[in-house]
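Okay, everyone, let's get going.

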Amino acid sequence: MFQPSPWRADFPAIAALQRQHQTYLDSAATTQKPQHLLDALSHYYTQGAANVHRAQHLPGALATQAFEASREKVAAWLNAADAQQIVFTHGATSALNLLAYGLEWRLEAGDEIAVSALEHHANLLPWQQLAQRRGLRLVILPLDANGHIDLEAALQLIGPRTRVLAVSQLSNVLGTWQPLQPLLDHARAQGALSVVDGAQGVVHGRHDVQQLGCDFYVFSSHKLYGPDGLGVLYGRREALGLLRHWQFGGEMVQLAGYQQSSFRAAPLGFEAGTPPIASVIGLGASLDYLASLDATSVVEHEAALHRHLLRGLNDREGVRILGVPQLALASFVVEGVHNADLAHLLTEQGIAVRAGHHCAMPLVNSLGLDGAIRVSLALYNDSHDLERFFSALDQALELLR
Amino acid sequence: MSLPDAAREALDVFEQAAGWEQRARLLMQWGERLPPLDATQQCEANRVHGCESQVWLVAEQTDGRWHFKAASDARLLRGLLALLLVRADGLTGSQLQQLDLPAWFTALGLGRQLSPSRSNGLNAVLRRMAQLTDGA
């Protein structure tokens, strides 16, 4: 039975891609954008761009107003208590690096940082490099067979020496929700700061950072139907106060002298230089659009597509799905078939999926693989997209086997 | 452009290939013609990095002419390697420098395999080949 997406027409690029015979199933990498966002970008650039927080002139005031309104919208989206707890960065990667540098002064040799075995490189490498700089121990929380952090083991490994716990909310390879609540509660009890990489998780459902009780929550705009070049860092007020400044320049400074300077508190103190103004305004528009949708219908639509995806993959002989994906995506390999060959032939047929290690090389290697194909879904996908993928997969496998 | 015989043959069959399926079949057939690489030559020193699949490339010069051997664990890439070698093998250093390999793959209808976003490794192989034969 055909399952249409009621929101497909809101995303003009989907029709454009279809005209180029492309089926887009790589939304976990980046999403297509709603018309609402395109209109907001066009409005900002055609009505008068200006820098924010600097000028007293009217265009500057309007830009600053729109920019700060987006901060409010992001805060509301995450249910942060105060918009001042939202820091705009140049991406999720940048936000995580900010944390690794901003917290460095608190850590000394022998301290521990805990990350999970499934982290994206963006939530692994900043901590790994910090550990190397300061002589810290990087503790890797193991996974169970389904692709969840092994809670029992993790609670043992997170102890009094753990200063930071940094974990993903939803795996970009396995499509599994991680047991955040018990991990975060335990980390807090041990006196560790907690960092949640919400890059994938934020795209599916609404998450309440106050309820989660994490110290920091990070996501990237472009995966949440927003513009690229923009990341968001939420911080608990006390946690933000622990961060040392890390990038220096325009507008983050309070008083600057030739030899000494003093710096602003968050958020502006961590937004050195001209921020991605249009992207911030655009993200606000994307959030307005998303907020206008019936959240339950979106969740049900995505869940139904995901069931369809898993059913179709399981129906095919030799297909091995990585972990037990719960939503949004599935990564798989096919017995006796090199994933590069499969990716090649899917590309030939206009199927846009991701192949390779998905920026989680240690995870993929630990599964005994050097790569996998990932199909990822968004609210604009429909069941025809999946049918086209399955028929391309069958064609490819027929050629390769 | 005077082509080696095997390259001429490749050009003839690929030019006539209708559609992606036939090109894929041909690539796999040509991949099977790739002479095997000794296990000892499939070593780290001969690895081409920057590919999603494992690729090895060996270059040797005898009497001023370059000879190559290559291997990969991915079948379609083996085909691309075979097509590369039939064009480049036996050339002198200066002939190699003048050789327009992207044009060669475009002539075969495989130009898209060289687009910068492709991680199949053909680009990396070409860079590696240039590096190995540079200045010779």
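**A buried asparagine, then the interface**

So, N123(A) counts as buried because its relative accessibility is 0%, where buried means under 20% relative accessible area with a 1.4 Å probe, protein chains only. Quick housekeeping: this is a predicted model, where local features need pLDDT of at least 70, side-chain atom pairs count only at pLDDT 80 or more, and totals for chains, interfaces and linings use all residues. Residues are numbered from 1 along each chain as its sequence is written, chains are lettered from A and ligands numbered from 1 in the order written, and side-chain values use heavy atoms, with hydrogens and water left out.

Back to N123(A): you'll find it in the loop between strand 3 (112-116) and helix 5 (125-134) of chain A; helices (H or I, at least four residues) and strands (E, at least two) are DSSP runs, numbered from the N terminus. Leaving out residues up to four places away in sequence, N123(A) touches L96(A), V115(A), A166(A), V167(A), S168(A) and D197(A), contact being heavy atoms within 4.5 Å.

Now, the interface. How many residues does each chain put into the contact? Chain B gives 17 residues and chain A gives 15 residues.

And is there a salt bridge? Let me put it this way: the rule finds one across the interface of chain B and chain A, meaning a side-chain nitrogen of Lys or Arg within 4 Å of a carboxyl oxygen of Asp or Glu. R112(B) pairs with E348(A) in a salt bridge, with the closest N and O atoms 3.3 Å apart.

Definitions and conventions
Buried means under 20% relative accessible area, exposed over 50%, partly exposed in between (1.4 Å probe, protein chains only).
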